[in-house]
Amino acid sequence: MRFVFKTTYDQDIDLAQHGGHRLWYGLLLLALFTAPLWLGAYGLSQLTFMLIYSVVGLGLMLLVGYTGLLSIGHAAFLGIGAYTQAVLAAQGWPLPLSLAAAAGLSAAVGIVVGLPALRVKGIYLGIATLAFGFIVEEVLARWEAVTGGNAGMMVGRPELLGWTIGSGAPFYFLCLVITVGCTLLVLNLLRSPTGRAFVAIRDSEISAQSMGIHLAYYKTLAFALSAALAGIGGALYAHMIRFLSPEQFSIIQSIDLLLMVVIGGLGSIHGVFLGAIFLIGLPQLISEIKDYLPWGIGDSPGLKLVIYGLVLVAFVLFEPWGLYGRWLKIRAWFMLFPFYRKGMFKRQKAFQKSDRLK
Amino acid sequence: MEVFQVLVGGIAQGCVYGLIALGIVLIYKATESVTFAQGDLMMLGAFLGLVLLTTLGFPFWITVPSVIVAMGLFGLFVERLVIRPILGQPTFSIVMLTFGIAYVVRGLVTMIPGIGTETHKLPVPYAGQTVSLGGVVIPVEFLVAIAATAVLCLLLFLLFRRSRIGIAMQAASQNQLAAYYMGIPVQKINGLVWALAAAVAAVAGLMLAPITFVHAQMGMLGLTAFAAAIVGGFTSLPGAIVGGLIIGVVGSLAGFYLPEGFKNVAPYVVVLLMLMIRPNGLFGERLSKKV
Amino acid sequence: MQDILLSAKNLEVRFGGVVAVNDVSFDVRRGEVFTLIGPNGAGKTTVFNLISRIYTPGNGSIHYDGHDLLAQPAHRIAALGIARTFQNIELFEHATVLQNLLIGRHVHRRTGLWSELLFLPSVRAAERETREKVEEVIDFLDLQHYRDTMIAGLPYGVRKVVELGRALATAPKLLLLDEPSSGLNVEETGDMVFWIQDIVHDLGITVLMVEHDMSLVSAVSDRVLAMNQGETLALGSPAEVQSHPGVIEAYLGAVEDASSLRRPAR
């Protein structure tokens, strides 16, 4: 068991709160920065995808997990970022500028999408975001002059300071740096007044208001930030898959993103990464085991859907805290051994306050 | 004249949306769960009808009731297995759960060898027939859809207003605790509500199938139906039908008058407008929190 | 002429056909404890909601410390120095006690979005200062034991104290307490009496309170306003109001001998 003696407020303010944190996260960063050495080319590309989805997931977690605003059409921001980057890179914009433009445009659209949030709540807001998601997907398909429409669009390689960043290790490092940077920005935000304001809005809008939190400003900010992060992720996504078409940013993709944050663990940053690992890892797992499945089930396109659905149902039923929650429980078991009691994390089944009156 | 045909088509499509939306609103009113699985339940009903009609060769007049009953039982099964344990959890969890159910249903149907990945035509007895009304040619499938919806609405109205079960459902949907105290078996009622919603979705599927085709992606219509439910007011049953009709008609007219692509988007623009102007929909109740 | 902090005049609120508040006027003097009493449905919490700008009155005005309150949006009220607690506790359930209190310091935020993203030293210094102020409130209310506990796991009595603490963390000039003793046992109510007295005398905060527990009302209030069915009945010291025949009738129906109902003054 670990006892943390706190003697300064800084220990609570810091990101790494004790030696154990510093050690493990340090090792993790070391492993990530040396990944090209011990991971093959395929593994590296999968890891790159994980990083890209983590960036998007950071934004979605901020919006859904921390501010409590439902967004069912988030892939739209991914698409806006991707196409912006593709178009600007083709015109020769340097990477930092085009990334900023992708983030900025996504944020601007995010502010528009967030406007309904000022009037409606809960599932109504979810449907509004869904509607926006459909509209953006259609715009991407119809605006052929810019996006190439349904025929799709090729994407070149990113250029930074005159160098072309090739695929493989160089692009991986780019994604790694951006992911680490975005994670730090979000973590910083969460430990300062803005992050606390988000959580306040999630838990009780009325008392957040009476604490002086301007609801409209913070809700709009949450949408803008999460859209910007999705835009950055989208820009990297464009360079990774090298060919864009509107159906990659459909509602199915949006629901996959939601799946990622839910299974990862809503309301935690760890959940973002665990969810991204799940999202990228599960198809790998499926293709590994499909040869062992009888009657040719393994080759059916429906298998992926069924497994995703079953996993989602299982998590909601048995582990609503997601993968991170399960990890916390396992860690508690180890830390408290042999004093772990079965009922430690039991949910209090209180009568849920009626949502209609929120 | 062509407009009239487009209009009737829109109304027929709107009836399908309305029925799916009806199921969504039924479940929301009874259990405050928001479900995105209705679209795929409709798809399942359509496939069930396909299998009974083609593979097993049942006549149409046996197929329809069989599908309705089978889907009703399936709705009961889903509620018992998956929904009941999570009542009381936040809305978002339930929403994700219903997405999961939708994925499982869609995936299982896709996995059926031979049929799952193909697109099929449902061989109904009135396929391809048309009726001439005042010089306008209207496919019978449209009229069947509209008529079936009207009959279903009447039956549901009678159920809720006149029958004991219907009144019990209304009571349970307004105040679960009080209903318990009155001796109403609320959990069984919830099961029945899901069964009813699934059966309604099945009817929608059987009516839609002759108009469009039967394929595993039909469930995506559920999202548009959700928009219809919002437009009508999420807590109103007649509102769901009206919302569906509005969405259906707007979609059809948009497809007819506006350039390519607006047809898909029009329903969602309507939803957005409705949310901005009148967030509680046409017939929804305005409820606010008392502090 | 005593210094008036809050002045409400001719307030009227209708919900549909129901008149919740009808021509209600009162003044709250700086440094006093002013209590609203009345049976349920009298409109007391509605008056609070008017001051917090959750509702807007159909008629009337509210002036506070030189400001026209009705011209302010709800989120500006805290910045003006008005804090409130809620009748049914409105804490942030999925956060710890410490985080709830830290959110209470939001009005005193000096850092902007970009400096927070980068967590500049100015932000760190502001965080330390916020934490110090919050610890003062924790010491005042003896909440040290619960600092890192999630609200969802706390008993009701502690939650009420945290709600009070969160309001205090905003460093208000005027504190609106909505039924501070509801759900508390005798001991906890006794603690509440001491805290309210300390809040007024040590922290210099003016208190406007809605309360049902007459012992608490008599113990701390300087003046009491009795309301019934949206209208004002009587204004005066606790003893005066409690023996007012109209007040007694509102609570208990008509009574011949009022003296038998008078509670012993503390």
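Domain bounds, as used here, come from an automatic or database domain assignment. On that basis, chain C of this predicted model is divided into domain 1, covering 1-81 + 172-266, and domain 2, covering 90-170. The centres of domain 1 and domain 2 of chain C, taken over C-alpha atoms, are separated by 27 Å. In the contact between them, domain 1 of chain C contributes 9 residues and domain 2 of chain C contributes 8 residues. The side of domain 1 of chain C that touches domain 2 of chain C consists of 7 nonpolar residues, 1 polar residue and 1 charged residue. For chain C the mean pLDDT is 89, with 94% of its residues at 70 or more. The scores of the model are ipTM 0.88 and pTM 0.90.

Chain A contains 16 helices and 4 strands. Its C-alpha trace spans about 60 × 50 × 50 Å along the principal axes. The radius of gyration of chain A is 21 Å, which agrees with the value near 21 Å for a compact globule, because that is what the rule gives for 358 residues. Of the 358 residues in chain A, 45% are buried. Among contacts in chain A between residues at least 6 apart in sequence, 76% link residues at least 24 apart.

Chain B has 11 helices and 2 strands, and along the sequence these follow the pattern α-α-α-α-β-β-α-α-α-α-α-α-α. The C-alpha atoms of chain B fill a box of roughly 55 × 45 × 35 Å along the principal axes. Buried residues account for 52% of the 291 residues of chain B. Of the contacts in chain B with a separation of 6 or more, 76% are between residues 24 or more positions apart.

The contact between chain A and chain B takes 43 residues from chain A and 41 residues from chain B. On the chain B side, helix H4 (91-111), helix H9 (221-232) and helix H11 (262-277) each supply at least two residues. Helix H4 of chain B gives the most to this side, with 16 residues. By class, the residues of chain B that touch chain A comprise 27 nonpolar, 11 polar and 3 charged.

Conventions. Residues numbered from 1 in each chain as written. Chains lettered and ligands numbered in written order. Predicted model: local features only at pLDDT ≥ 70, side-chain atom pairs only at ≥ 80, totals over all residues. Contact = placed C-beta atoms within 7 Å. Nonpolar A, V, L, I, M, F, W, Y, C, P; charged D, E, K, R; others polar. pLDDT = per-residue confidence, 0-100. Rg over C-alpha atoms; globule rule 2.2 N^0.38 Å. Buried ≥ 20, exposed ≤ 12 C-beta atoms within 10 Å, placed from the backbone.
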